[in-house]
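Look through the structure below, then read the points by topic.

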Amino acid sequence: HHSTYSIHTHHSFTMARSGITKGSNKGHVTEQINRPKREAASKAKLSKRTSLAREIVREVVGLSPYERRILDMIKTGGSSADKRIYKYAKKRLGSHKRAVQKREDIKGVNAKQRARQAGIGA
């Protein structure tokens, strides 16, 4: 019997097809074409050049006001600081992913500052 809903899972065929209509390797016997990787697959990859440029810009320009506020929240801390920072960042940036990423980014900035302070203090 045919159900109205069919679940299609997209596998990349590793087994050669058998030419039989049933079984795990069903279907016409065909040759698998190895396609080149699509440009879109490597779009979000961070290059060394870009990361260096961003680092320099961050050093020169510093933090924006809302980022400074997040940094301040990290420093003052408290038990629910992480959640509060997240909520604040999400309101400013509009998405969960961006908010979490920004929170981790500013935490990194805080860690760097602390390391620098410790370096000067020592």
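V60 counts as exposed because its relative accessibility is 67%, and exposed means over 50%, buried under 20%, partly exposed in between, with a 1.4 Å probe and protein chains only. This is a predicted model: local features need pLDDT of at least 70, side-chain atom pairs count only at pLDDT 80 or more, and totals for chains, interfaces and linings use all residues. Residues are numbered from 1 along each chain as its sequence is written, and side-chain values use heavy atoms, without hydrogens and water.

**V60 and its surroundings**
- V60 belongs to helix α1, residues 48–61; helices are DSSP runs of H or I with at least four residues, numbered from the N terminus.
- L52, I56, V57, V60 and V61 make a nonpolar surface patch of about 500 Å².

**Helix α3**
- The 13 residues of α3 (residues 81–93) should span 18 Å at 1.5 Å a residue, and the end C-alpha atoms agree, being 18 Å apart.
- The expected span is 1.5 Å times one less than the number of residues.
- Buried residues in α3 are A81, I85, Y86, Y88 and A89.
- G94 follows α3 and has a positive phi, near 90°.

**Largest pocket**
- The volume of the largest pocket is about 700 Å³.
- Its lining has 17 residues, with R54, R58, D105, V109 and K112 nearest the centre; lining residues have an atom within 4 Å of a point on a 1 Å grid, and a pocket is an open set of points with protein on both sides within 12 Å along at least five of seven lines.
- α1 and α4 (96–121) each supply at least two lining residues.
- The largest share, eight residues, comes from α4.

Note on methods. Patch = residues over 30% accessible without salt bridge, like charges linked within 9 Å, V, L, I, M, F, W, Y side chains within 5 Å. Areas by Shrake-Rupley, 256 points an atom, 1.4 Å probe, with all protein chains shown as cover. Salt bridge = Lys/Arg side-chain N within 4 Å of Asp/Glu carboxyl O. 1 Å grid on protein atoms, 1.4 Å probe; cavity = no way out; pocket = protein on both sides within 12 Å on 5 of 7 lines; lining within 4 Å. Points joined across faces, edges and corners; volume = space filled by probe spheres on them.
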